[in-house]
Amino acid sequence: MLKIGVGAVAVGAAASWAYLRHIMLPVGPNRVDFAQEVYAHRGCRFVKGIPENTVPAFEYAALNCASGLECDVRLCKSGQLVVFHDPILGNHVEADPDVQKARVSDMTLDDLQALSLSEDTEKKGVRICTLEEVIEVAREHDLRLLIELKPNPGATRAQRAAYIHAVLDTFKRHEDFLYTRSMVISFSPFMLYALRRADNRIAVMQLSRPDLISTMTRAESGSAPFFVRLLPVSLADRLFPFLLYSVL
């Protein structure tokens, strides 16, 4: 009986691996192609007068030899995907302290775009942009696009579902470009799993850090699979990099 049980587990593991490696992973754009590009992180950073993650930043990158763009995406209160790195506005905007302490997710697109950006030192009216605007820049200059999902710590299940829905909706509106010229990246394996489960034509890439699983489990405890929550965090943090780099 023990031999039968072990054999069944081995067959199940092999079948699961074969499905993942040869059916799920190859779907979508070739990941090797994406590794051969020079990506402009947040468009540009520390360029005088050009705030990062804005249309002028991505235009600057396009005109200065970048072959791909990378942007950070958050879901704002009115349902649009906006491009902003931090969860809190902070000193990126010129506003009173109460506004600077506000979460991007708690503000509408109109509220966000009414704010002046601190790095817009030449006062050209540069504003927080949407993912749609970045897609148009990438399309216009025929650049690849890395879209980093930035889920909010402690987000509810409904908020995470709304986030995923907004990303899927964006892919449907720009399917002629995004399915072949973009890749979705994130430190959250749970968000990437939910996205690929909904549409496996979307290419995804897992970003990593030494304490990835324990950090994500604390931040997104409601979206972590049950078996992950059962593991000691130290074991999970060691197991995930092994699977990511040695097995996959």
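1. A definition to begin with: rings of Phe, Tyr and Trp (its six-membered ring) pair if their centres lie within 6.5 Å, with planes under 30 degrees apart counted as stacked, over 60 as edge-to-face and the rest as tilted. On that basis, one aromatic pair turns up in a search of the whole structure. Please keep in mind that this is a predicted model, where local features need pLDDT of at least 70, side-chain atom pairs count only at pLDDT 80 or more, and totals for chains, interfaces and linings use all residues. Residues are numbered from 1 along each chain as its sequence is written, and side-chain values use heavy atoms, with hydrogens and water left out.

2. Now the overall picture. The protein chain has 12 helices and eight strands (DSSP runs numbered from the N terminus: helices are H or I, at least four residues; strands are E, at least two). Of its 248 residues, 43% are buried (under 20% relative accessible area, with exposed over 50% and partly exposed in between; 1.4 Å probe, protein chains only).

3. The largest nonpolar core has 36 residues, and L69 and L145 have the most contacts inside it. Such a core is a set of buried Ala, Val, Leu, Ile, Met, Phe, Trp, Tyr and Cys residues joined through side-chain atoms within 4.5 Å. Elements supplying at least two residues each include β2 (68-75), β6 (144-149) and α7 (157-173); α7 gives the largest share, six residues. Apart from this core lies another, of 14 residues, among them V93, V104, M107 and V126.

4. Do look at L69. Beyond its neighbours within four places in sequence, L69 is in contact (heavy atoms within 4.5 Å) with residues including Y39, F58, V134, L143 and L145.

5. Why is β6 largely enclosed by the rest of the structure? Because six of the six residues of β6 are buried. R144, L146 and E148 point one way from β6, while L145, I147 and L149 point the other way.

6. Strands pair if DSSP finds at least two bridges between them. β2 and β6 run parallel, joined by six bridges, and D72 stands opposite E148 in β6. With β7 (residues 182-186), β6 pairs in the parallel sense over four bridges; S182 in β7 is the bridge partner of L145.
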